[in-house]
Amino acid sequence: MPEEEPESPGEQTLNFRAIRDDEPPDEAAPDEDEDLYEEDFPLPEQVSGALTDALSQLREAVSGLHLGLDVPGADEARKSQAAVLAQLDDYVIPRVHMSTAPALIVVAGSTGAGKSTLVNTLAAQTVSATGVRRPTTGTPVLVCNPADERWFTKGTLLSGLNRIDAPGEGPGADSIVVASTKWLPQGVALLDTPDIDSVVEEHHDIAHRMLDAADLWVFVTSAARYADAPSWGLLKLAKERGARLVIVLSRVPVRSREVVAKHFTRMLDEYGLGEVERFIVNETTVTDGRLPDEEVADLRMWLSELSVDEQRRALAVQATLNGVLNSFRARVPALARHLETQVALRADLRSDIDAAFSGALAEIEESTRDGSLLRGEVLARWQDFAGSGDLMRTLQIRRAKNHGPERLGALRNALRSGLESVISTAVHRASEEVVTRWRQRAGAGDRLAALPGLGRPADDVDRRTARMVASWQDHVTELVRTEGVTKRSVARLVSFDVESLALIFTVGLLGYGTGDAPGGNGALPQRLLRGLLGAESLRSISAKARSDLRARVGLLFDDETLRYVDALDGAGIPDESAATRLYQATYNLEVAR
């Protein structure tokens, strides 16, 4: 059964509708004015086009932000980014292009303040759920005159939300209930929102998104809750945004009405809100989710006057829209500054990788120059190889048949193992150093450092190192073969074992006899090599061999470095030019306004 319609609201609405006799009746077929929501009183063409372009540029700049790094303040920045985008899509851009759309009045407030009861009373029917269970409203409920319904079902206001006929279970972050009643005057619409201090966190986001899409704010609080911090936090936000605001103080005991009203007024004055229009609703019996109509008579009259006074309504809408646009002066540059922080942190994190592996490469170069590698087994194998007699006899292929090949292989393997160990140790140390450096950077750094596997090299690094060293040894042998003995006249007199000569060259290249390297006859490999190869040829081969070793180690390090860069990129790559685009978009919007 339909609910009985009260008489007094009907009479008031009919009277005001009679004044607005130029508007289509409630029963007008929507298809006759199907595109009305796209027609408005546009700004001057040059201004309208500039403002449209500026808003599009701003939206593109904000939507293109990628705030992937968890630096301090990142969560707030992401929420701010989402809020700016939602406000542009839900309110600013549609409102600029639909200036004649009904004024959207969002009814917001604290838990148990009676928002839904107030909306139901003004609508003269139950459109929003009420009850003692808290929170009650989880899905926003929009109610308007039937003649205005097409603005909210087909228009672009709140276009990002799904239109539904009834609220579902739980929070409705992506939905909105659209209802109509002829007891609301044409030209205004009420939007009931979840509690701003709800125990359900998602309700906060929904409520603030609805407020961001509002032309006017009706803040509802109760005599028991008006001094609470969440209430004043919302009032402060309304003041900062420059939103047109109306306050309803509900559930005020009749006996203490004067005392409560005076105290509330004094608090408003202290917060600079003394001029805000306000209404008081007495504590009374609620029947079927509605108040007695006389309790909201003044508020209903305010709505009706707003409905018929197009200039007043337009001024209120324009004031709120200007407030939102003004807020972008601070909100958008704040996003740009946070992005610059992300860019700087990413550069620091990237430099940590480079510093750790550059240090490891320098460590390897030092170890392959100062003779420190030639210890232990390498030294023993070299002494066995070099101390078995005259080195020239050992180098001659015909006289190296007994112990030469065995000693040759043992020395080659010892050199390979020693070089592998030096490189492997450096890689492990670099991996640990990257993680250590990242842990010293709060936020994104320590979170990245905690990723599995980053504190050690890749599992196959030892295998790749062994293959790389063996390949380098072969390259050194080929260098000696092609650029060494063939350039010396002695090569025509004596046949040499190139592999033996290459090993002697490697021992000398790795610093045998330099610094505090052990073993007597420190300059023996160098003297022998200079005698066989010549000083110029020796310098050339040494430079090429060192350059090749550095390049091969560099490729190995590049593969290891890539693991850390991938982890960093996975967290987000901020666009360094995005901040500039944000600043420029903010400036262009100001110029267009």
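Leaving aside its neighbours within four places in sequence, which residues is T465 in contact with? Here, contact means heavy atoms within 4.5 Å. The answer is E420, I423 and L556. T465 itself is found in helix α15 (residues 461-483), and with a relative accessible area of 2% it is buried. Buried means under 20% relative accessible area, exposed means over 50%, and partly exposed lies in between, using a 1.4 Å probe and protein chains only.

Before going on, a word about the model. It is predicted, so local features need pLDDT of at least 70 and side-chain atom pairs count only at pLDDT 80 or more, while totals for chains, interfaces and linings use all residues. Residues are numbered from 1 along each chain as its sequence is written, and side-chain values use heavy atoms, with hydrogens and water left out.

## The whole chain

The protein chain has 19 helices and eight strands. These are DSSP runs numbered from the N terminus: helices are H or I with at least four residues, and strands are E with at least two. Buried residues make up 50% of the 593 residues in the protein chain. Among contacts with a separation of 6 or more, 81% join residues 24 or more positions apart.

## The sheet

Let us look at the strands next. They include an open sheet of eight strands, with mixed pairing and the order β3-β4-β2-β5-β1-β6-β7-β8. Two strands pair if DSSP finds at least two bridges between them. At the edges stand β3 (162-164) and β8, each with a single partner strand, so one side of each is left without a neighbour in the sheet. On average, and with direction ignored, neighbouring strands of this sheet are turned by 25 degrees against each other. Helix α8 (residues 257-270) packs on the sheet, touching β6, β7 (244-252) and β8, and its direction makes about 150 degrees with that of β7.

Seven of its seven residues are buried, so β1 is largely enclosed by the rest of the structure. A103, I105, V107 and G109 point one way from β1, while L104, V106 and A108 point the other way. Five bridges join β1 to strand β5 (residues 188-192), and the two run parallel. Five bridges also join β1 to strand β6 (residues 216-222), again running parallel. V106 has L191 as its bridge partner in β5 and W217 as its bridge partner in β6. I105 stands opposite L216 in β6.

## Two packed helices

Two packed helices are described by the angle between their axes and the distance between the axes. Axes are lines fitted to C-alpha atoms, for helices over the stretch in contact, and angles run from 0 to 180 degrees between N-to-C directions. The axes of helix α10 (residues 310-367) and helix α19 (residues 578-592) come within 8 Å and cross at roughly 170 degrees. By class, the contact of α10 with α19 has twelve nonpolar, one polar and four charged residues. Ala, Val, Leu, Ile, Met, Phe, Trp, Tyr, Cys and Pro count as nonpolar, Asp, Glu, Lys and Arg as charged, and the others, Gly among them, as polar.

## Aromatic rings

Rings of Phe, Tyr and Trp (its six-membered ring) pair if their centres lie within 6.5 Å; planes under 30 degrees apart count as stacked, over 60 as edge-to-face and the rest as tilted. By this rule there are seven aromatic pairs. The rings of F357 and Y564 have centres 6.0 Å apart and planes at 55 degrees, so the pair is tilted. F357 lies in helix α10 and Y564 in helix α18 (residues 535-571), so the pair ties together parts that are 207 residues apart in sequence. One aromatic cluster is formed by Y226, W232, F264 and Y271.

## Accessibility of some residues

Most residues other than glycine have a negative phi, and most peptide bonds are trans. A124, however, has a positive phi of about 60 degrees, and phi of D288 is near 55 degrees. A124 sits in the loop between α4 (115-123) and β2 (141-144), and D288 in the loop between β8 (277-282) and α9 (297-308).

| Residue | Relative accessibility | Class |
|---|---|---|
| F357 | 4% | buried |
| Y564 | 0% | buried |
| A124 | 4% | buried |
| D288 | 61% | exposed |
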